[in-house]
Amino acid sequence: MKSILRRAGATAVILTVTLFNPAYAQDEFIFWPDADYDPAIPSFEDVLGYNPGDRITWHRDAIRYYEALQAAAPDRIFVSRYARSWEGRDLIYVVVTSPQNMARIDDVKAGMQRLADPRLTTRAEAEAIIADQPAITWLSYGVHGNEISSTDASMLTAYHLLASRGDQRVANIMRDTVVVIDPMQNPDGRDRFLQHFNMSEGLIPDDDRISAEHDEPWPGGRTNHYLFDLNRDWFIMTQPETRGRIELVQEWYPVAFVDAHEMGSDGTYYFAPEAIPYNPHLAADQRSSLELFGKNNARWFDIFGIDYFTREVYDAFYPGYGASWPSYFGSVAMTYEQASSRGLVFRQYDGNRLTYRYTVRNHFVTSLGTAETVQINREKLLTDFYDYQVTAIEEGRSDAIRSYIIPAQSDQPAANKLAGLLVQQGVEVGRSTESFNACGSEYGAGSYIIDTSQPAKRLIRTLMDPDVPLEEDFLEEQEARRERNVGDQIYDVTAWSLPLMFNIRSDSCSRSVTPSMVAAGPELIQPGKVSGGAGSVAYIVPWGTAASARLLANALVRGLKVKSNDLAFTHMGNRYPSGTLIIDVADNPGDVATMMAELAESTGADIVSVDDSWVTDGPNFGSGNVIRFSMPRVAMAWDNPTRSYVAGNTRYVIERQFDYPVTAIRTSRIASSDLSRYHVLILPEGDGYASVLGEGGIANLKDWVSKGGVLIGIGNANRFLTSPDVDLLAIRREDAVYEVETEDSGSDGDEESATVAGRFISEESEYRDLIIPEKDDPDSVAGVLVRADVDPDHWLGAGVASTLNVLVRGSDIYTPITIDNGINVARFQGAEELLASGYIWEENRKQLAYKPFVVAQPSGLGYVIGFTQDPNVRAYLDGLNVIFMNAIFRGSAKARPVR
């Protein structure tokens with residue numbers, strides 16, 4: 001049996017028809033009680049040939065349906081594109097409101113812009129705006145492509161708002177609010193999921209959790225083309241989907257923002273209020289307003305008899321979520337999570353059959369409930385939005401940190417990128433046009449100044465502070481859970497300070513800093529320059545920035561001959577760091593001067609032209625300490641067992657941040673393929689390489705390395721490289737170190753015995769010592785920034801900052817390599833100096849001290865390089881770019897394959 005919502009004249013009725021679809025056998029299914037729909041507005045069935053929840057809608061069909069709605073009611077809905085995915089799919093947004101509001105939609109947006117800046121809008125002016133201003137509700141769906149129900153719910157929401165007749169709640173929503181719908185934040189991932197699902201679908205929908213239609217192959221549909229979790233990308237804005245969305249959101253400034261997700265299939269439904277910990281930079285009224293939305297959603301769920309939970313699991317501490325980032329311009333931002341059917345029907349652990357229609361209906365109900373809450377509380381939410389800006393400015397004026405200063409510095413491209421990133425998110429950043437003094441320090445022209453007395457103050461502090469503290473009572477609870485061997489409740493990383501991740505200097509100052517300055521722009525790459533005009537001998541590119549690495553990659557792609565000095569040198573009174581690039585005029589095409597100018601412009605690297613090769617200190621340009629680059633062919637393992645995030649993030653960094661091509665090879669093919677045409681092979685994080693590659697694959701890798709290949713292991717891929725059965729890296733993963741020594745239990749030594757000698761336990765502390773296992777992994781760390789020192793004398797450390805900030809996650813800690821086997825090129829600092837930001841377990845802090853981050857081991861004519869932590873996490877650890885590029889480009893230049 002299948003229930004279908006149809007229109008008879010002007011009245012919606014439930015018709016029951018028989019279809020061979022036992023997964024949907026139920027007497028009636030009501031999306032909304034007593035609905036009366038206008039037949040002039042096209043339904044799902046009219047356009048797509050099926051009813052809501054009967055099928056999972058493709059990206060192209062969702063757009064087709066929204067365009068049909070727009071054609072039917074152009075005075076109440078418009079559809080527009082705001083971005084395009086890597087795979088060429090349009091991302092659209094949909095605006096739904098009354099004809100009266102639509103006719104003045106530009107004024108509505110202008111009103112929100114005025115409320116967003118109290119420096120330009122007085123209290124009286126704000127009250128006048130609020131009296132006549134529709135509030136904007138933003139409903140965002142499907143950021144994870146395999147969380148499928150929300151997109152169909154978005155379509156049903158738009159249909160209901162346009163077609164519903166006689167429902168005063170809908171009339172009020174249309175009159176008092178503007179509803180903006182972002183129906184599909186990740187079209188590439190959604191269509192990837194659907195491609196698999198449709199290929200796996202059988203005669204009838206299968207509810208078995210182990211059936212193929214519920215078992216996505218690598219990499220799954222969650223992520224976008226480059227396998228990014230778009231729900232972690234909001235403040236770093238690496239992906240086109242995110243960049244378009246953030247620009248659009250700042251155009252509208254919604255007072256409420258919902259990010260509709262799905263969770264594991266055995267759950268129920270989650271909506272706000274959120275779980276602790278809270279980010280301390282959020283305003284109190286934002287947190288209290290969550291109750292308004294939660295209570296109204298609960299009221300509707302009670303009417304429908306839907307189970308739900310609140311205040312558990314899902315927090316908004318990390319600012320990179322869709323449910324957190326909008327909070328920092330004053331919105332009430334929330335996550336909604338529906339248990340996923342991951343298809344048309346799923347049998348939950350208790351035997352309940354969760355249908356897709358049910359999941360669509362639940363997101364539809366909370367979508368309407370959210371819009372209704374905004375309508376009922378329109379004046380309060382608009383006032384709160386304005387007050388958020390007022391208090392942000394006041395706090396900036398009175399807080400201990402009044403200004404942040406990013407000095408002009410050696411890694412100026414990184415400073416430029418950080419400033420541009422902030423500007424793109426609505427932060428006002430100035431750039432000094434003169435030298436100045438502030439808070440006891442001198443700063444050069446070109447330094448960036450961020451005054452926290454501005455509406456974006458809370459975002460500034462969240463992204464720029466070295467640390468955002470977790471609540472003490474929350475941390476006490478996590479330590480207590482850990483002691484009981486119960487998983488902690490830290491949902492994501494606890495450290496994300498942009499200056500630390502970019503590894504640049506940023507100073508705070510307690511007063512306003514007002515030298516002569518101009519407004520900084522949103523550009524992430526500012527053009528470099530060629531000093532000295534056309535060179536007759538060579539061009540020198542100082543090494544040590546992402547810009548210089550980008551220039552090297554582009555120069556090699558364009559066929560230029562490039563050399564690099566392993567050691568620092570002095571030329572014409574200028575000191576150049578180790579790794580500095582040298583492009584000889586004689587070795588390159590006649591238009592090399594033009595090419596250098598173009599590369600400076602596009603990569604942001606500064607270049608110095610020289611007419612004399614004489615070096616006054618350090619190796620000359622023809623020294624044995626100067627290496628020549630060939631254009632390395634870079635490959636990486638793709639597919640199982642790699643962790644898709646790491647594989648995708650790594651590929652993105654190389655291809656999109658450094659413009660260098662990568663060949664992705666399915667891991668199983670590495671076992672038997674001829675690898676001789678590749679110079680570098682990257683094994684992204686992943687546990688299970690040995691079983692995929694087998695003995696033959698291990699032998700193939702060893703042979704390739706010995707003949708001059710450079711093998712790079714990332715994260716726990718080093719478990720494979722360091723395994724005694726593989727032994728490509730002469731380090732080992734460590735067990736946990738306990739503070740107490742476990743005593744002999746009294747066993748007679750017979751491990752097969754059913755009994756052991758008895759003992760008295762005289763006190764609780766002795767009991768706690770006895771329950772500690774003899775051998776275990778260190779406790780897993782959610783994500784903290786720690787410091788690592790770099791060996792400046794090794795070629796991998798050429799041009800790299802003396803200290804790096806590394807994001808440590810997980811439980812892997814490795815022994816240092818002995819000097820007869822290789823070099824610990826970067827090692828973590830001592831326990832007292834180690835932590836840069838975030839919360840780390842005390843035992844991990846002590847055990848991680850002086851352990852390696854980067855290890856290099858020669859092997860025959862090649863090298864094996866291990867990064868014990870992922871240097872490319874979410875593509876936001878820019879401070880690690882140079883050492884990773886050294887591994888690829890300098891590593892391949894140092895190896896000695898037959899070329």
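Tutor: Residues are numbered from 1 along each chain as its sequence is written, and side-chain values use heavy atoms, with hydrogens and water left out. Because the model is predicted, local features need pLDDT of at least 70 and side-chain atom pairs count only at pLDDT 80 or more, whereas totals for chains, interfaces and linings use all residues.

Student: Why is the link of C439 and C509 called a disulfide?

Tutor: The term requires a pair of cysteine sulfur atoms within 2.5 Å. The link of C439 and C509 is right-handed, with 75 degrees about the S-S bond.

Student: What makes this pair a tie between parts that are apart in sequence?

Tutor: C439 lies in the loop between β14 (436–438) and β15 (441–443), and C509 in strand β17 (residues 507–509), so the parts tied together are 70 residues apart in sequence. Strands here are DSSP runs of E with at least two residues, and helices are runs of H or I with at least four, numbered from the N terminus. The protein has 25 helices and 36 strands.

Student: Why is C439 called partly exposed and C509 buried?

Tutor: Buried means under 20% relative accessible area, exposed over 50%, and partly exposed in between, with a 1.4 Å probe and protein chains only. C439 has 38% relative accessibility and therefore counts as partly exposed. C509, at 3%, therefore counts as buried. Buried residues make up 60% of the 899 residues in the protein.

Student: How do you know that F658 is buried or exposed?

Tutor: F658 has 1% relative accessibility, so this residue counts as buried. F658 lies in the loop between α19 (644–657) and β28 (663–666). Setting aside residues up to four places away in sequence, F658 touches several residues, including A546, A549, R550, N881 and M885; contact means heavy atoms within 4.5 Å.

Student: How do you know that the radius of gyration agrees with a compact globule?

Tutor: The radius is taken over C-alpha atoms, and the globule rule is 2.2 Å times the number of residues to the power 0.38. For 899 residues a compact globule would have a value near 29 Å; the protein has 30 Å, which therefore agrees. The C-alpha trace spans about 90 × 80 × 60 Å along its principal axes.
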